[in-house]
Every structure is written in C-alpha cells, then in structure tokens.
Amino acid sequence: IEGTESVRCSIWGAVYHLTEKEKSRERWKRESLGEPSAPEALILVRPKTEDLGKRISVLAGRGALHSVWRPVGAGYLVTVTLMNQSVAEEGRPEPDDCLFQSGFSCAADGGTISDYPQLTSLGHDPEEEELALLYRGRRIFAVGHGCGAHWSGEARDLIVKTAVMPLHEAFPVTREVAGAPGDARSSSIDTILSLDHLADERIPFKTICTELRQFVGRYGSWIAGLEHQARNLGVQHSASSSRILARLRSALVRMEAGVSHLEREPLVQRAFRLATRAMIMQMVHSGRSYGGTSRKRNEAAFVQPQYSGAAVSNLRWFPFQLAFMLLTVESVSDASSAERDVVDLIWFPTGGGKTEAYRWVAALEMILRRLRHGDEGAGTAVIKRYTLRLLTSQQFQRAASLICACERLRTTEKDLGME
C-alpha cells in the first residue's frame, strides 16, 4: 500500500445456533453478522509500537481483525487476518463456535494498492524466470493465507477480497489462426487444418506440402514477432527470453524438416494420408450418431457412415495438433533421425486435443510398419501407460476405435498386409 497508512475494511460472516435436536435430526438457525452486500465496515490504521499485536473486535465480538505493516519501498506490505475469537477447549470446536461464510475486503484509504512484491532475487530457477516473463502482464495485488485472493477495480478504486474458491475464466484452445484481414494465407491455413483435405488422394501431395510450408511459415512469422518484442524487454528477462526463443526456433526447424521429409518420402506420404483417414473414421464412429450414444439394439436402422466429403467437412485439426505431427513425422518414420531420442511432451488442458495428436502419431507408426514390412510389421508398435484408472478405461475405448479404423483400412488397402 502506498500513499496512506490506513485501510478500509469490510467484514462479513455468520454463525449457526442449534434450535431443535431430535434423535435423528437437528435444526440450526443462521444468524448473519454481516453480508458481502451489507458488511461491517471499519478502518485499520497502522498500529503504533505499543499497539503491535492488538486485535480489533468485529462481527459482534465473534471475530477479530489483526494487521501487520512491513515497510517495503515507498509503502507497506500489509497482512490482514480475520480470526475467530472462540477457542476450542478440547481441540475440536463446536459448530456454534465457528464462523461460517466469512470473509473481508480491503481498499487503500486515500492511497493505492500496488503490485505485490516478488522475491525473484532470492531464487534463480529458470522455470520461475520464464513464467515471470510469460505472465509479466498479469499483475498480482494480494496473496491469500489459508484462502484465495481476488481483486477488482483499478488504481485508487482497487479492492482486494478473500475468496474461499477463487474463480478465473480459462478460455478454450481455438482452431482459428490469427491473421490480418484479407490475408490470403489465412484461407490456405484453414484448408490445411481440414482432415478430409489432408487425406484426399485426389490432391497432389506437392500441393499439400506447399500448404504445410505456409502453415509452418506463419509459425515462423509469429516467432519473428516475438524476437522483435524481446529487444524491448528489460535485462531481467534477457536470459529467459533467449531460452524460450531458442526452443521455438528448434521446433520451427523440426517442423520444416518434417515437411521436407514428407516431400521426399512417398511411402511416408501414403502413411500420412492413411493415418489421417483412420482418424476421420474413428472420430465419426465416436460421434453421437454412432458410438457416442447408448441405444437399444433395434432402436434405429444402421446407416453406413461417410468418411469423406461434406459429411466430415467439420473435422479440423487444432493448429498445435498439426504442428505436433510435423514435429514428429521425421523422427517416427526415419530410424536415423537426429531427433530419435527426443521425448516430445504435449502440455494442454483437458479437452484440448492431446489424445488425437498422439493417436495420429501412433496410427502413422502402425501403418508405416505395414507399408514397409507387410504382415511382418504386425505386433506391438506403441506402448501406452496411464496412471488413473478412469482415464485408462476412457482412453482404452478411444484407442480401440482407432485400432478398429486401422483394421478396416487394412481390409480395403492391399498394401497393408493380409492379417
């Protein structure tokens, strides 16, 4: 807090009283001691030396506020604590001695709440440095102790509140690629994300590779923009920005190498298309119209699904999924690749598309073994391991649908073996 030595506080909470007790039922009545919409208000002033440790009674004497003021820079780092005045005699408090739905908010009285001090000088962890760079625009005004912290408003109107369960909206991963209005490259990138387009045998693979290079080129342009931004960062972010940019450039080189590998390897081109077709088939059969809905055996007549054309035009890769394919296609299909020993980790939220990305790679490996070795390419090709039982069951179902799709392709494609 800067510019003042007082804090406006609003406190709320409630207690419950036992009003009726029967053999199998109890009735409790809630007594409000303040609500977020109608709180108890007071002003905390930086205590003098003789008042250090003094508590201020609140919530009809059931609670107390205590504050600690530490000089930091041009202001103070203030810790405000709401405590229950009741003390359990036998180690376990009675329900009617507890405070429920309690909380408080604070605002600088005539001053401002500035950013919470970061102790970056005490540690030199590379990950912490990189997180500080990536989230440098996300300001922190408070840290909760035994609770969460939430804030709203700006400058002198900033209010910090306690939060039992902090809420934050996490936006989903999108399939859209940002581009300037009217940029012709945007439409070509939208096209290359289509699974049906990538699997279409009628399209020359040279055209596919050209579109893939445009896709990778957009990634390169994004990296160039970040390099330009890095020149304007402070010295404290120099090392972390260099490490991040080096990893991005390495990924770009591998993706470009993946496209080049596809251009010169007809067999990998064939496996690329068949793996994509297998993914289309399993996505269709996992959808609501087929495997995605439980129904009685004779509830509806079976309709043969379509695996190409308008019926699957809505199936599109997320950009990161296609990037992951290009990142790994060379090392998976070329035993002499320099990246053969690299472990690529997909780090995305639940429902973001990780499973489809690695299953495509699994399909590529299985199909490529059959194209190269026929029936001798059968056997264990991919090992999967999961640590959660529910995840194991669900992922097994999804993997089984892919295996069924690959088997269906084997029966129609003569170069995939006889069994």
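Modeller: Happy to! Let's start with one term: two residues are in contact when they have heavy atoms within 4.5 Å. Among contacts in this chain between residues at least 6 apart in sequence, 66% join residues at least 24 apart. Do keep in mind that this is a predicted model.

Colleague: Thanks! How many helices and strands does the chain have?

Modeller: There are nine helices and nine strands.

Colleague: And is the chain spread out or compact?

Modeller: The radius of gyration is 30 Å, while the globule rule gives 22 Å for 419 residues, so the chain is more spread out than a compact globule. Along its principal axes, the C-alpha trace spans about 90 × 65 × 40 Å.

Colleague: What share of the residues count as buried?

Modeller: That would be 37% of the 419 residues.

Colleague: Tell me about the largest nonpolar core. Which residues have the most contacts inside it?

Modeller: Those are Phe 215, Leu 262 and Trp 360, in a core of 62 residues. Helix α6 gives the most, with 10 residues.

Colleague: What is Leu 262 in contact with, leaving aside its neighbours within four places in sequence?

Modeller: With that condition, Leu 262 touches Phe 205, Cys 209, Leu 212, Val 268, Gln 269, Phe 272, Leu 326 and Val 329. There is also a second, separate core of 23 residues, and it includes Val 15, Trp 69, Val 80 and Val 160.

Colleague: Let's look at α4. What span should its 26 residues have?

Modeller: At 1.5 Å a residue, α4 should span 38 Å, and its end C-alpha atoms are 37 Å apart, so the two agree.

Colleague: Which residues of α4 are buried?

Modeller: Quite a list, including Phe 205, Ile 208, Cys 209, Leu 212, Phe 215 and Val 216. Glu 211 and Arg 218 are among the buried residues of α4 too.

Colleague: What about Ala 224, is it buried or partly exposed?

Modeller: Ala 224, which is found in helix α4, is partly exposed, because its relative accessible area is 38% and buried would mean under 20%. For a sense of distance, the C-alpha atoms of Ala 224 and Leu 82 are separated by 50 Å, and the two residues are 142 apart along the chain.

Colleague: Changing topic: where is Asp 200?

Modeller: Asp 200 sits in the loop between α3 and α4. Its relative accessible area is 13%, so Asp 200 counts as buried.

Colleague: Which residue's side chain has a polar contact with the side chain of Asp 200?

Modeller: That is Arg 202, and the polar contact is 3.0 Å. Leaving aside neighbours within four places in sequence, Asp 200 is also in contact with Arg 273 and Arg 277.

Colleague: Now the strands, please. How do β1 and β2 run?

Modeller: They run antiparallel, with eight bridges joining β1 (residues 6-21) to β2 (residues 26-34). One of the bridge pairs is Leu 18 with Trp 28 in β2. A hairpin of four residues connects β1 to β2.

Colleague: And which strands does β9 pair with?

Modeller: Strand β7 (residues 100-108) is joined to β9 (residues 159-163) by two bridges, and these strands run antiparallel. Cys 106 has Val 160 in β9 as its bridge partner. Strand β8 (residues 148-152) is also antiparallel to β9, with five bridges. There, Ala 149 stands opposite Thr 162 in β9.

Colleague: Where does Ala 155 lie?

Modeller: Ala 155 lies in the loop between β8 and β9. It has a positive phi of about 50 degrees, although it is not a glycine. Ala 155 counts as exposed because its relative accessibility is 57%. In the hairpin of β8 and β9, Gly 153 also takes a positive phi, near 90 degrees.

Technical notes
Residues numbered from 1 in each chain as written. Predicted model: local features only at pLDDT ≥ 70, side-chain atom pairs only at ≥ 80, totals over all residues. Heavy atoms only, no water. Core = buried A, V, L, I, M, F, W, Y, C linked by side-chain atoms within 4.5 Å. Buried < 20%, exposed > 50% of the residue type's maximum accessible area, 1.4 Å probe, protein only. Polar contact = N/O pair within 3.5 Å; in protein donor to acceptor, adjacent residues only side chain to side chain. Pairing = 2+ DSSP bridges. Expected span 1.5 Å × (residues − 1). Rg over C-alpha atoms; globule rule 2.2 N^0.38 Å.
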